[in-house]
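These are my notebook entries on a structure that I looked up. I record in turn a pocket, a pair of helices and a sheet.

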Amino acid sequence: QHKGTKMTEFWLISAPGEKTCQQTWEKLHAATTKHNNLSTNSKFNIPDLKVGTLDVLVGLSDELAKLDAFVESVVKKVAQYMADVLEDSKDKVQENLLANGGKVLTMIYVLQKWQAKHEFSSGSLDSVPFLFIFKGVNQIDNDLKARASAYNNLKGNLQNLERKNAGSLLTRSLADVVKKEDFVLDSEYLITLLVIVPKGNYNDWVKQYETLAEMVVPRSSNVLFEDQDSYLCNVTLFRKAVDDFKHKAREYKFMVRDFQYNEEEMKADKEEMNRLSTDKKKQFGPLVRWLKVNFSEAFIAWIHVKALRVFVESVLRYGLPVNFQAMLLQPNKRTMKKLREVLYDLYKHLDSSAAIIDATVDIPGLNLSQQEYYPYVYYKIDCNLLEF
């Protein structure tokens, strides 16, 4: 599919059966393909569900609207977290968001096959499918929270350690930078200090350091490391001259860094970093697999909800016996407005003859403030929310 021509959104609509439902389908198909292709269409078969009373249907309609919003939010969360986890390879997100093994963009096929997974295909329209869908998706939501929290924790700790090993010489960890032989250790009288010398002042350092205080060991300074701005130098002197030396060094913009050489501590830091890094690598694969599987599960559940909504809404609008054709359209991006017009012309007659059983009953589909209203049953399946 060429980017830019197709929207990654689908319109799930239904219209009453004419002489036959097949005719309804043919009419729509002809109308949308007549003016160059306004949309890619397919039938969307919804199993016959047993219908209870009108009151039950109106109640279900409300429940389903809530469930739809909840399931959509979980689908989004899983997709968004997949994008977070794949940090550097965001372009891989699409190929990992496979619902039922088909890319979101070719979702049309998943939608056509959705009833294959329909555990309640000929059941009655009571609370069974709701509970079944809600429980499944709620479980995904809770698992996602737990997994994300564990992985983010690990990632955060690793980033903190990495940050410790970066940054300016004044603050960064020096574990990777200094060696044992750079220091005079275990001496009663002598101590080695680490000094940050701005590059512009380096010549001053070489000239001055031996005389900044009494008792500095001559020629005891070497450059151990450098970053963009500064050199890290060592210098050895008598312990009792340290305060004096620090004070004098500051006047020349030489910063003595507080640092005790501790091999154990530095080794522990390194090991911790390796451990976290290994842990993160270990968790990455299984986490991505979990996200793939559960994205697919949540997406299919979402389509179930849409299908149930179309069913309930169609019965409320078009009346009994159940006689409507549900159809899935993937609109062409450039001609969406035209497609709306064609659909309106095709179905505007439904407005007057809609089976509004009793005008005092608040039919949810006619609650105009909540959503766009069309003379046909319409739900949008918006896959744009899955693009990063």
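Before the first entry I note a definition: a pocket is an open set of grid points where a 1.4 Å probe fits, with protein on both sides within 12 Å along at least five of seven lines. I also note that the model is predicted.

Entry one, the pocket. I looked up the second largest pocket and found a volume of about 230 Å³. Its lining consists of 13 residues, and S173, F259, E265, M266 and D269 are those nearest the centre. Sorted by class, the lining holds five charged, four polar and four nonpolar residues.

Entry two, the helix pair. I recall that two packed helices are described by the angle between their axes and the distance between the axes. For helix α1 (residues 21–34) and helix α9 (residues 336–347), I read an angle of about 145° and axes 10 Å apart. The crossing of α1 past α9 is right-handed. On the α1 side I listed K27, L28, A31 and T32, which meet L339, V342, L343, L346 and Y347 of α9. Seven residues of this contact are nonpolar, one is polar and one is charged.

I traced an open sheet of four strands in the order β6-β7-β5-β8, paired antiparallel. Its edge strands, β6 (222–226) and β8 (255–257), each pair on one side only. From one strand to the next, the twist averages 35°. Within the sheet I followed the antiparallel strands β5 (residues 190–198) and β7 (residues 230–238), which nine bridges join. Opposite L193 I found V235 in β7.

How values were computed: Residues are numbered from 1 along each chain as its sequence is written. This is a predicted model: local features need pLDDT of at least 70, side-chain atom pairs count only at pLDDT 80 or more; totals for chains, interfaces and linings use all residues. Side-chain values use heavy atoms; hydrogens and water are left out. On a 1 Å grid over the protein atoms alone, a cavity is a set of points where a 1.4 Å probe fits but cannot get out, and a pocket is an open set with protein on both sides within 12 Å along at least five of seven lines; lining residues have an atom within 4 Å of a point. Grid points are joined across faces, edges and corners, and a volume is the space filled by probe spheres set on the points. Ala, Val, Leu, Ile, Met, Phe, Trp, Tyr, Cys and Pro count as nonpolar, Asp, Glu, Lys and Arg as charged, and the others, Gly among them, as polar. Axes are lines fitted to C-alpha atoms, for helices over the stretch in contact, and angles run from 0 to 180 degrees between N-to-C directions. Helices (H or I, at least four residues) and strands (E, at least two) are DSSP runs, numbered from the N terminus. A crossing is left-handed if the near helix is turned anticlockwise from the far one by less than a right angle, and right-handed if clockwise. Contact means heavy atoms within 4.5 Å. Two strands pair if DSSP finds at least two bridges between them.
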